[in-house]
Amino acid sequence: MYKQTPSGCGISLYTPGVIPEELREQFGNACELVCVQVPKVYDSCLLRLCLVGDCKEEDRSQGIVFDSDLRFRIDCSAEEIINPRVEGLVPDSFRVISKRPVSGDPDRKLITYTYALRILYDILFDDGTISEDNELILRRTETVGPLYCPESVAIIRETKIDQSGTIRYPKDADDEIIKLEIIARVLDAQVVKENCDTTCPDPYDAYETVCCVVFTVGIYNIIKCELEVQLVIPAFGFCPPPAPCERRPDRTPCEDFNEELPPEFFPPQLDDFITGPGIGF
């Protein structure tokens with residue numbers, strides 16, 4: 001039972017403690033009602049982007065966006081880009097730039113934020129040498145919304161004291177209620193040779209043949225608006241201790257090898273993987 005608010009769900013009329021009789025059937029084996037403080041997601045959205053380094057491929061209606069960071073010059077002795085991968089976010093690069101209220105509804109906001117991805121790649125040159133762990137920083141600024149991001153009514157600050165007795169003072173938590181969850185991967189990376197009499201990045205070398213690396217990167221962004229709230233929930237007791245950690249016995253490599261099954265020495269017969277009606281010899 002709740003005291004109703006305009007949103008339809010508000011403050012619980014049941015205080016933490018023993019579960020009232022009228023709720024026991026509903027909550028089964030729960031032993032009590034407890035009050036927990038958690039970050040509640042008030043609103044969220046998913047932004048999908050396919051970023052390309054070739055401006056001719058851009059089609060914003062299909063979510064294909066040109067980004068100049070994904071195209072840069074490289075020595076023409078480079079044959080191929082191998083093992084391109086997204087290593088993660090650059091530390092401390094995520095930042096909320098603004099939260100702009102929608103006219104007539106101050107709790108719904110357009111969120112503008114910025115972040116930077118660290119991309120690593122290896123280069124295979126025409127002499128067979130490989131240059132490893134080259135770095136590309138992809139910087140992005142996005143705007144999403146409007147999202148329902150109400151301001152906290154209470155001002156919440158906390159001071160933490162670690163086990164050494166060191167006091168960690170609170171900081172302004174305004175931006176912390178905007179959370180970014182991101183999955184990104186390199187979809188393609190190619191070395192492109194082009195003649196500058198048609199597309200020339202350097203006007204002083206009008207007929208120079210240059211080489212560029214062109215990346216394609218797919219990104220999923222989930223932006224969440226969160227606030228710290230207290231909720232009354234049924235509890236089934238404290239979590240039991242976990243199972244004991246397994247200890248790997250000291251073994252020699254030969255002991256592991258001797259317990260392996262022998263490998264298959266020959267490929268399968270052709271008729272072992274051709275199945276279905278109408279197939280026969």
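Contact here means heavy atoms within 4.5 Å. The structure is a predicted model, in which local features need pLDDT of at least 70 and side-chain atom pairs count only at pLDDT 80 or more, while totals for chains, interfaces and linings use all residues. Residues are numbered from 1 along each chain as its sequence is written, and side-chain values use heavy atoms, with hydrogens and water left out.

The pLDDT is the predictor's confidence in each residue, from 0 to 100. Its mean over the chain is 80, and 77% of the residues reach 70 or more. In residues 1–7 the pLDDT is below 50, and this stretch has 13 contacts in the model beyond near neighbours in sequence. Residues 195–204 are also below 50, with 16 such contacts.

Glu142 lies in strand S9; strands (E, at least two residues) are DSSP runs numbered from the N terminus. Leaving out residues up to four places away in sequence, Glu142 touches Leu47, Leu49, Ile111, Thr112, Tyr113, Tyr115 and Asn221. Its relative accessibility is 9%, so Glu142 counts as buried, where buried means under 20% relative accessible area, exposed over 50% and partly exposed in between (1.4 Å probe, protein chains only).

Ile111 belongs to the largest nonpolar core, a set of 34 residues. Such a core consists of buried Ala, Val, Leu, Ile, Met, Phe, Trp, Tyr and Cys residues joined through side-chain atoms within 4.5 Å. The members that touch the most others are Ile81, Ile111, Leu138, Ile178, Phe215 and Val217. Strands S3, S6, S8, S9, S12 and S13 each give two or more residues to this core, and S13 gives the most, with 9.

The model has 2 disulfides, counted as pairs of cysteine sulfur atoms within 2.5 Å. One joins Cys76 and Cys211, with the sulfur atoms 2.1 Å apart. Cys76 lies in the loop between strands S5 and S6 and Cys211 in strand S13, so the pair ties together parts that are 135 residues apart in sequence. Cys76 is partly exposed at 31%, whereas Cys211 is buried at 1%.

Cys149 and Cys225 form a disulfide with sulfur atoms 1.7 Å apart. Cys149 is in the loop between S9 and strand S10, and Cys225 is in strand S13, 76 residues away. Numbered in sequence order, the bonded cysteines pair 1-3, 2-4.

Notes
Helices (H or I, at least four residues) and strands (E, at least two) are DSSP runs, numbered from the N terminus.
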